Amino acid sequence: QVQLVESGGGLVQPGGSLRLSCVASGSILRINAMGWYRQAPGKQRELVAVINSRGITNYADSVKGRLTISRDNAKKTLYLQMNSLKPEDTAVYYCNAEVITLSEVVNLGVWGQGTLVTVSS
């Protein structure tokens, strides 16, 4: 069994910053792509940013230049540095990973429980 645990969310003023973390654990052989997604109330879950195992990234247009995704492969940890936050960034942020287990089973949809980010004055 593989688990992802997000942390770092909270209340921040517009223009402020937060750093989210996601730690993977369990019977993991390796992790391929990882990503951050978010879901606002009444909205569908949407892609924020993805990063492959070599550090190549892609971002949603709405967060380019403000949010930065990174990873530490040795620690099996994903990060999202969030700067210049806007009220529209308010959402539950979820970590996702494409995981190869120790038995070499591919799981393309491992999700964390989410961490809430609220951007408000």
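1. Terms of burial. A residue is called buried when its relative accessible area is under 20%, exposed when that area is over 50%, and partly exposed in between, with a 1.4 Å probe and protein chains only. By these limits Glu46 is partly exposed, at a relative accessible area of 37%.

2. Basis of the note. The structure is a predicted model, in which local features need pLDDT of at least 70 and side-chain atom pairs count only at pLDDT 80 or more, while totals for chains, interfaces and linings use all residues. Residues are numbered from 1 along each chain as its sequence is written, and side-chain values use heavy atoms, with hydrogens and water left out.

3. Overall fold. The chain holds 0 helices and 11 strands, where helices (H or I, at least four residues) and strands (E, at least two) are DSSP runs numbered from the N terminus. The radius of gyration is 14 Å, close to the 14 Å that the globule rule gives for 121 residues, so the chain is as compact as a globular protein of that length. That radius is taken over C-alpha atoms, and the rule is 2.2 Å times the number of residues to the power 0.38. The C-alpha trace spans about 50 × 25 × 25 Å along its principal axes.

4. Of the 121 residues, 40% count as buried. The chain exposes about 6,500 Å², of which carbon and sulfur atoms supply 48%; accessible areas come from the Shrake-Rupley method with a 1.4 Å probe, and for residues only the protein chains shown count as cover. Among contacts (heavy atoms within 4.5 Å) between residues at least 6 apart in sequence, 56% join residues at least 24 apart.

5. Nonpolar core. A nonpolar core is a set of buried Ala, Val, Leu, Ile, Met, Phe, Trp, Tyr and Cys residues joined through side-chain atoms within 4.5 Å. The largest one has 30 residues, and those with the most contacts inside it are Trp36, Val48, Leu78, Leu80, Met82 and Tyr93. Elements that give two or more residues to this core include β1 (2-7), β4 (28-39), β5 (46-51) and β8 (77-82). The most is given by β9, with 5 residues. Leaving out residues up to four places away in sequence, Val48 touches several others, among them Trp36, Arg38, Leu80 and Tyr93.

6. Salt-bridge network. The count is 4 salt bridges, each a side-chain nitrogen of Lys or Arg within 4 Å of a carboxyl oxygen of Asp or Glu. Arg38, Glu46, Arg66 and Asp89 are linked in a network of such bridges. Arg38 meets Glu46 at 2.8 Å, N to O, and Asp89 at 2.9 Å, N to O. Asp89 lies in the loop between β8 and β9 and Arg38 in strand β4, so this pair ties together parts that are 51 residues apart in sequence. Arg38 is buried, at 6% relative accessible area.

7. Asp89 and Arg66. Which residues does Asp89 contact, leaving aside its neighbours within four places in sequence? They are Arg38, Arg66, Val117 and Val119. Asp89 is buried, with a relative accessible area of 0%. Arg66 forms a salt bridge with Asp89, the closest N and O atoms being 2.7 Å apart. Arg66 lies in the loop between β6 (57-59) and β7, and Asp89 in the loop between β8 and β9, so the pair ties together parts that are 23 residues apart in sequence. Arg66 also counts as buried, at 9% relative accessibility.
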